[in-house]
Amino acid sequence: SACQCDADFYLDVVGDDWTCQHCPPNSKSVCGSKRPSDCICNEGFNGTDGGPCVPCPINTYKTIPGNYPCTPCNASSSLCAAGPLLSDCHHTSVSTAGSDATLG
């Protein structure tokens, strides 16, 4: 059956009325989410469920969505110069803010 609210939205009920509210910036939810805390921070962003979600600091990255810490770039690994990619963290221990593990 269809979801009451699409992915990246959550159900907001006030009395007998309901609306689908968009998740906060840099977060997502699954189809049928019923509360703000169902919105979890995207890869490369950190924060509590329901937001706000802020970019991982420079020299860190985050490969999975949700309320998990950003991981420091490995000093034995590389430079995150052009984008938020774990693959950019290979030769030195720096990265740009908001780094995730997407390859591409």
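A: Arg 35 forms a salt bridge with Asp 38, and the closest N and O atoms of the two are 3.4 Å apart; a salt bridge here is a side-chain nitrogen of Lys or Arg within 4 Å of a carboxyl oxygen of Asp or Glu. This is a predicted model, in which local features need pLDDT of at least 70 and side-chain atom pairs count only at pLDDT 80 or more, while totals for chains, interfaces and linings use all residues. Residues are numbered from 1 along each chain as its sequence is written, and side-chain values use heavy atoms, with hydrogens and water left out.

Arg 35 lies in the loop between strand S3 (27-28) and strand S4 (40-41), strands being DSSP runs of E of at least two residues, numbered from the N terminus. With a relative accessible area of 46%, Arg 35 is partly exposed, and Asp 38, at 24%, also counts as partly exposed; that class lies between buried, under 20%, and exposed, over 50%, as found with a 1.4 Å probe on protein chains only. Leaving aside neighbours within four places in sequence, Arg 35 is in contact with Tyr 10 and Leu 11, where contact means heavy atoms within 4.5 Å. Arg 35 and Leu 11 are 24 residues apart in sequence, yet their C-alpha atoms are 6.0 Å apart in space.

Ser 29 lies in the loop between S3 and S4 as well, and this residue is buried, because its relative accessible area is 8%. Leaving aside neighbours within four places in sequence, Ser 29 is in contact with several residues, including Phe 9, Cys 23 and Asp 38. A polar atom of the Ser 29 side chain lies 2.8 Å from the backbone oxygen of Phe 9.

A search of the whole structure finds 2 salt bridges. Glu 43 counts as partly exposed at 25% relative accessibility, and Lys 28 is partly exposed with a relative accessible area of 27%.

Terms used
Helices (H or I, at least four residues) and strands (E, at least two) are DSSP runs, numbered from the N terminus. A polar contact is a pair of N or O atoms within 3.5 Å; within protein, one must be able to donate a hydrogen and the other to accept it, and residues adjacent in sequence count only if both atoms are side-chain atoms.
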